Amino acid sequence: MVIRFKTRITEMLNLEYPIFQGGMAWVANADLAAAVSNAGGLGIIGAGNAPADWLEKEIKRAKELTNKPFGVNIMLLSPYVDDVIELLKRERVPVVTTGAGSPQKVIDALKPLGTKVIPVIASVAHAKRVEKQGADAVVAEGTESGGHIGELTTMVLVPQVVDAVSIPVIAAGGIGDGRGFVAALALGAEGVQMGTRFVCALESPAHIKYKERIVNAGDRDTVVTARITGHPVRCLKNKLTKEFERLEMERASIEEFEKLGVGKLRSAVVEGDVEWGSVMAGQVSGLIKDIKPAKEIIEDIMREAYSVLEGLSSKYLRGEA
Ligand code: TUI
């Protein structure tokens, strides 16, 4: 059976399924993004802290690998933000998502060119602000997510953001299967974004040891470190997170935290150092049990979503009282 889902997001972006792949630094390259887009979702290349020439190569490669729409995520703490924006003015992509800061200059530069700008936000106030600034939609990201996170859970954040803005909302954080997808729609979201689930896609360039750590993780295996720096980060527990906890106990300076973090995501993703590297992953890690092609991830979720929706109505709906 072919399952189709129509929301304002599928219509705005010309997608078969309202599923975004998170734009994760070091992981979300052209291969992963193209695999997700070819499967009918929205693949997103993560610019992270990479210089613009790396991104340019990845965009060109993605254009060779897929005819479907794909996006780029701009990490607003990157030292190369301005170069990346200039690149995206030349090398057009249909969608740009932003994370870890205020997207004002991205909206000002790219919206007039027709690029849809979709900021990732973690609070109602920020969602309202970016709507006023001209955002086309928002990704409301709960604290279950991996990497740099906010305070609120997806369960409470998404419906409050849905009530506060009129642009479409995409839910992120804690979603990894068809049940999570349906739950997000029940909260009023018109799409979902998944990061951790796609780290474990066959096409993801993450080191096999990184993927295996996620597949073998249990429900309580993530921890949030570096809260005092103002940039809390969720990772799988390992020797590095123990060391971060020690710094926290000792009330170390922000500089010491930052020094310990430098280069650690790269060493986990690229080199497979899952003990001393930063294994950023969401709480949904406990739910992820396999490594499979992006197409299978998406199709399995849509099939499960369909049967969950059918099951709910036949199991619980008893007509009018
Ligand atoms: O950005 C993410 N997740 C990330 S970025 C990243 S790289 C990094 N590594 C170490 C430290 C910091 C970053 C790894 N994971 N998700 C989207 C997201 N954005 N979550 C929360 C926010 C956010 C936070 C504050 C967005 C805006 C904001 O402030 C906006 C303002 O206007 O002040």
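A polar contact is a pair of N or O atoms within 3.5 Å; within protein, one must be able to donate a hydrogen and the other to accept it, and residues adjacent in sequence count only if both atoms are side-chain atoms. The structure is a predicted model, in which local features need pLDDT of at least 70 and side-chain atom pairs count only at pLDDT 80 or more, while totals for chains, interfaces and linings use all residues. Residues are numbered from 1 along each chain as its sequence is written, and side-chain values use heavy atoms, with hydrogens and water left out.

**First stop: Asp177**

Select Asp177, in the loop between E8 and helix H8 (178-186). Helices (H or I, at least four residues) and strands (E, at least two) are DSSP runs, numbered from the N terminus. The side chain of Asp177 reaches the backbone nitrogen of Gly180 at 3.0 Å. Asp177 counts as buried because its relative accessibility is 11%; buried means under 20% relative accessible area, exposed over 50%, and partly exposed in between (1.4 Å probe, protein chains only). Leaving aside residues up to four places away in sequence, Asp177 touches Leu287, Ile301 and Glu304, contact meaning heavy atoms within 4.5 Å.

**Second stop: strand E6**

Next, select residues 138-141, which form strand E6. Val138 and Ala140 on one side, and Val139 and Glu141 on the other, are all buried, so that both faces are covered. Strands pair if DSSP finds at least two bridges between them. E6 pairs in the parallel sense with strand E5 (residues 116-121) over two bridges, and with strand E8 (residues 169-172), also parallel, over four. Val139 is the bridge partner of Val120 and stands opposite Ile170 in E8.

The ligand is surrounded by 13 residues, the closest being Ala100, His126, Arg129, Glu141 and His148; a residue counts if one of its heavy atoms lies within 4 Å. A polar side-chain atom of Arg129 lies 2.6 Å from a ligand oxygen atom, and a backbone N or O atom of Ala100 is 3.0 Å from a ligand nitrogen atom.

**Last stop: the antiparallel sheet**

Finally, display E7, E11 and E10, three strands that form an open, antiparallel sheet in the order E7-E11-E10. Strand E7 (147-148) and strand E10 (222-225) are the edges, each pairing on one side only. Four bridges join E10 to strand E11 (residues 233-236), and Thr222 has Leu236 as its bridge partner in E11.
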